[in-house]
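Subject: Structure handover

Hello,

Please find the structure below, for you to look through. My notes on what was found follow after it.

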Amino acid sequence: MRLLCALFAAVFISCAGSNQTIESPQQMPIDAVGVAGNQPVSYDELVQNYRSGNINGEFTLEELQEFLPIYLDYKAKILSAQDAGYFENEGILSEYEVYAKQAAYSFWLENKIRPTLFDEFKFRYDHELKSSHLLIAVDQAASPQDTLEAYNRLMEAREKILAGATIAELDGEYSSKRNGRSMGGDLPWFSVGATVKEFEDVLYSLDVGEISTPFRTQFGYHIVQLEEKRERQPARLVSHIFLRGNQAPSRLDSAYKELAEGSDWSETVKKYTQDTPSAGNGGRIGWIEYGSRYDASFIDQVMTSDPSLPFTETISTTYGYHLLKIDSVRTYSSEQERDDFLMGLLESSRTIRKSNGFIVDWLEEYYGGEVNDSALMLFSEFAKGQDSTEFKDINLDQSLGNESLFSFSETNATVSDFLSYLINNERGPFSSNYGDSWFDDFKEEIIDSKITDLALGEFPEFSDQTDNYKSGLVVYQINEDSVWSAATVDTTKLFSLYENDSDSYSYPTRYSYHLITSSRDTTLQKAIDFIKAGNSPDSVRANNIPVGVVSDSTGTFQGEPFDMLNSMEKETFSEIFEYNNRKAVFYLNDILPARRMTFKEAFNKLLSDYQPIREENWLNRLRNEYNVSVYPSKLEELYNNGTNE
């Protein structure tokens, strides 16, 4: 409830409004439609806040007239909360900080990261790249020594390439092997979104012929050379007839002749193709372009086929033999349609993810976070050499401890800071528990601790959003304390209400009953017989009779089937009836006479009845204390003058 109310306030009251203080009516701005705490509320402020809580943003004069006193009361509550110190309340601030951090992650993603990546994605989409690379596989949790060794090996290979060697010549010597095959070498034509972001970023930064320095992806360390760059060729929607084996060419020749003589494509597909998944869909296999997950030879055949022809002659690929039909070449009716399509591609690619870790990594790069690799390596070697000594018991050399380890947005974390992090997070003994990945956790904690402040500095609208959320929490709490809380109510007021209105706080004639239900008639009858034998309805289930038993005497339930209680005698059963798709029966224990409630019994109802009175009294006090005034004639004048347009 606190969250919902705070979010309501953050949306409904979208700005704090004017902070101008007036000393006399003569100082009132000409566009003021009300005042709270000597702070005028302008027509524009009122309209802005009304629109923020209404999807279509349209309004009538009557709607503004109804909204104005509500808004002024809200501002009076804020002023009262400020005077009472609610904005310094530790509980509210703690809840606000949790929300602000969660909101900051979303704000960064939606308002900076996604637009930035889209602009980049859109620019890169227009080009296709041809490249080759060397890859030394390195585990994600590899030690700094292992990563340095891979880096140095690739630097050695790079020097050879710069001296005239080719990647093809060096691939067997330098690239790692998987299942006997090199993990490096020649790469097919592809474009944006087809590979991991780290690889794509480096490749798109190169000029044709240029070779990168070593860089890391999830697969290990690479160097890559950009060999060619061309304009993107639009994707093609493709259908095919597919066959394998020695007889495939002659059979496809027969299919081709039938098609040329006017046979229906879909029927010919069903007659000849061995591609079962596409057979029922006219041989349709979808959109294909460079970078698609097909063999390069097949993509080349598709992309070089003449789309104006009704179908191709027989072609050969690594899959087998095909007749191809180009059903469509991708085009866009407008730039907006193209943007919408590209945004869909971006969302489904490896380029963008919605995890906090992805956002942290992006911010590290955006703000130029720097790691002191040599200090990290020294600490790693030191840590792993401590046998079973725990972090809290080691003696770290002061010179190493003072070394800068990670700098990020005016934060400079030292090796000693990293050690303190490990101690505070109760990492185990060095000999068996130290992991190099813990440094990544340390970096993430630093960036996470600053993400709210960074968002506040980057986005003025985020400051407005979080301020309004805090105001929502404050208004909720001051309402709770002043109106809703039973602990702060004046019980003498409740007792006076209780004494002066006996009819509202009395019990009518009520029925004490048990409702017994079962899915089976025989089981229900067994329970009835058990009670008729003199046993209590409350002990039915304890005697292993599987029925549902509910007792009540409050008179809360009205209507069918409870109306039948009115005609029953004490200690009797009703007729069996259907209730919630089960067989059911009432057993009437007693008829309770009408009587007046005790004050204790009536307390919750009294509190509910008194709450509107209590709220109005409180609001009247606030209106008087903060000089809340409504100027309806000025509101009508400004509305009629077309200020709302």
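Strands here are DSSP runs of E with at least two residues, and both strands and helices are numbered from the N terminus. Keep in mind that this is a predicted model.

Ser-131 belongs to strand β3, which covers residues 127–137. Is Ser-131 buried or exposed? Its relative accessible area is 0%, so Ser-131 is buried. Leaving aside residues up to four places away in sequence, Ser-131 touches Asp-186, Leu-187, Phe-190, Leu-203, Val-224, Gln-225, Leu-226 and Glu-227.

Lys-229 sits in strand β8, residues 220–231. With a relative accessible area of 40%, Lys-229 is partly exposed. Not counting residues up to four places away in sequence, Lys-229 touches His-127, Glu-128, Leu-129, Trp-189 and Val-208. Between the C-alpha atoms of Lys-229 and Glu-365 there are 26 Å, and these two residues are 136 residues apart along the chain.

**Two helix pairs**

Two packed helices are described by the angle between their axes and the distance between the axes.

Helix α13 (residues 356–366) packs with helix α18 (residues 438–458) at an angle of about 70°, and the axes are 10 Å apart. Angles of 65 to 115 degrees count as roughly perpendicular, and α13 and α18 are therefore roughly perpendicular to each other. On the α13 side, the contact is made by Gly-357, Ile-359, Val-360, Leu-363, Glu-364 and Tyr-366. On the α18 side, Lys-443, Glu-444, Ile-447, Ile-451 and Glu-458 take part. Sorted by class, the contact of α13 with α18 has six nonpolar, one polar and four charged residues.

The second pair is helix α3 (residues 61–84) with helix α19 (residues 460–484). Their axes come within 10 Å and cross at roughly 85°, so α3 and α19 are also roughly perpendicular to each other. From α3, the contact involves Tyr-74, Lys-77, Ile-78, Ser-80 and Ala-81. From α19, it involves Ser-471, Gly-472, Val-474, Val-475, Ile-478 and Asn-479. Which classes do the residues in the contact of α3 with α19 fall into? Six are nonpolar, four are polar and one is charged.

**Aromatic rings**

A pair of aromatic rings is described by the distance of the centres and the angle of the planes. How many aromatic pairs does a search of the whole structure find? It finds 43. Here are two pairs to look at.

In the pair of Phe-406 and Phe-439, the ring centres are 6.4 Å apart and the planes stand at 90°, so the pair is edge-to-face. This pair links distant parts of the chain, 33 residues apart: Phe-406 is in strand β14 (residues 404–408) and Phe-439 is in helix α18. Phe-406 is buried, because its relative accessible area is 0%. Phe-439 also counts as buried, at 3% relative accessibility.

Tyr-421 and Phe-442 form a tilted pair, with 5.3 Å from centre to centre and 50° between the planes. Tyr-421 lies in helix α16 (residues 415–424) and Phe-442 in helix α18, 21 residues apart, and this pair too links distant parts of the chain. Tyr-421 has a relative accessible area of 7% and is buried. Phe-442, at 5% relative accessibility, counts as buried.

**Arginines over rings**

Arg-230 lies over the face of Trp-189, at 3.7 Å from the ring centre. Trp-189 is also one of the residues that Lys-229 touches. Arg-510 lies over the face of Tyr-507, and here the value from the ring centre is 4.1 Å.

**Backbone points**

Most residues other than glycine have a negative phi, and most peptide bonds are trans. The residues below depart from this pattern.

- Asn-38 is not a glycine but has a positive phi of about 65°. Asn-38 is placed in the loop between β1 (32–36) and β2 (39–42). Its relative accessible area is 32%, so Asn-38 is partly exposed.
- Ser-409 has a phi near 45°, a positive value in a residue other than glycine. Ser-409 lies in the loop between β14 and β15 (411–414).
- The peptide bond from Glu-560 to Pro-561 is cis, with omega near 0°. Pro-561 is in the loop between β18 (548–552) and β19 (572–573).

Regards

Key
Residues numbered from 1 in each chain as written. Predicted model: local features only at pLDDT ≥ 70, side-chain atom pairs only at ≥ 80, totals over all residues. Heavy atoms only, no water. Axes fitted to C-alpha atoms, helices over the stretch in contact; angles between N-to-C directions. Helix = DSSP H or I, 4+ residues; strand = E, 2+ residues; numbered from the N terminus. Parallel < 35°, antiparallel > 145°, perpendicular 65-115°, else oblique. Contact = heavy atoms within 4.5 Å. Nonpolar A, V, L, I, M, F, W, Y, C, P; charged D, E, K, R; others polar. Buried < 20%, exposed > 50% of the residue type's maximum accessible area, 1.4 Å probe, protein only. Phe/Tyr/Trp six-rings, centres within 6.5 Å; stacked < 30°, edge-to-face > 60°. Lys NZ or Arg CZ within 6 Å of the ring centre and 35° of its normal.
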